[in-house]
Amino acid sequence: MSSYDETCAYFEKYADAIKTNKTGDEKQTYCEVFDRKTLMVIYDFMTSKYISSVHYPISTGKEGNVFYVTNKDGEPLALKIYRTSTSTFKRITKYIDGDPRFKNIIGNRRKIIYAWTDKEYRNLRRYTESGVRVPKAIKFDKNCLLMEYIGDESGPAPQLKDAIMKNPNLVYRKIVSFIVDGYKKAHLVHGDLSEYNILMLKDEPVLIDCGQTLTADHFNAKTFLIRDITNLNRFFKSRDVDVMDNNELILKVLGEDGKDEIRQDTT
């Protein structure tokens, strides 16, 4: 596209098209996604040759939407766009408060959401560098995050809750390793780990939605770690996997420090 105005016109038409059969709430959601500031970021991604085309939405989450996009070579990528609404702002502030990487973040709602996008980008990079399988982060700007597409020619990878696992025990052990390595190597706690935030690509788990992920020194990190462990074991128990005891897994992650965190009601 040759100009910002042409890009805006294209996306306004695109947004109108995907809103045609939506309810009132859904229409409002897409209006929030494709505001003028976001269109400018997409335009910059295009002129910088990071992406060539935006095709269709892959998923709609509480805070943002993910779109299937392609680069100039036709290779698939994922573009996550955080909504800048008040409701999104209220949901995410509790995860930024107390994070030492963002202690100086002040200002309006947009600035906080831009910081959140930055936060997910950093978390994905830290996880990747520590060997935890997440989508590779490519670039971010304001409320837009460009990353690896997790899927194949048939479509995006399914969530763990919908996947047919060939070897559930092996998948469980790999996700346990994500928790352990995430904490010990990346010094991160996912904070919202569940069957909804893990994709299955060729029977391999991929951790997603890492915006709320906390540093290990966050004052709530251990509380969220215990919740992640509880959610993981709950799901795999329902799939007849012989899971580790919650307390045993807490100790595996935290070592001696875990003894103070063990709660008998987590089993």
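1. Two strands are said to pair if DSSP finds at least two bridges between them. Helices (H or I, at least four residues) and strands (E, at least two) are DSSP runs, numbered from the N terminus. In the hairpin of β9 and β10, two residues lie between the strands, and K202 takes a positive phi near 55°.

2. The model is predicted: local features need pLDDT of at least 70, side-chain atom pairs count only at pLDDT 80 or more, and totals for chains, interfaces and linings use all residues. Residues are numbered from 1 along each chain as its sequence is written, and side-chain values use heavy atoms, with hydrogens and water left out.

3. Strand β9 (residues 198-201) pairs with strand β10 (residues 204-207) in the antiparallel sense over four bridges. M200 stands opposite P205 in β10. I198 and M200 point one way from β9, while L199 and L201 point the other way. All of these β9 residues are buried (under 20% relative accessible area, with exposed over 50% and partly exposed in between; 1.4 Å probe, protein chains only).

4. The largest nonpolar core has 54 residues, of which L160, Y172, I175, F236 and V253 touch the most other members. Such a core is a set of buried Ala, Val, Leu, Ile, Met, Phe, Trp, Tyr and Cys residues joined through side-chain atoms within 4.5 Å. Leaving aside neighbours within four places in sequence, I175 is in contact (heavy atoms within 4.5 Å) with L160, L193, I198, P205, L232 and F236. Another core lies apart from this one and has 14 residues, including V33, V41, V54 and I81.

5. A cavity is a set of points, on a 1 Å grid over the protein atoms alone, where a 1.4 Å probe fits but cannot get out; lining residues have an atom within 4 Å of a point. Points are joined across faces, edges and corners, and a volume is the space filled by probe spheres set on them. The count comes to two cavities of 30 Å³ or more.

6. The largest cavity holds about 80 Å³ of space. Among its lining residues are Y127, F178, H190, L207 and D228. Helix α6 (168-184), β8 (188-189) and α7 (221-237) each supply at least two lining residues, and α6 gives the most, with four.

7. The second largest cavity holds about 30 Å³. L160, L193, S194, E195, I198, N231, L232 and F235 line this cavity. Here α7 provides the largest share of the lining, three residues.

Definitions and conventions. On a 1 Å grid over the protein atoms alone, a cavity is a set of points where a 1.4 Å probe fits but cannot get out, and a pocket is an open set with protein on both sides within 12 Å along at least five of seven lines; lining residues have an atom within 4 Å of a point.
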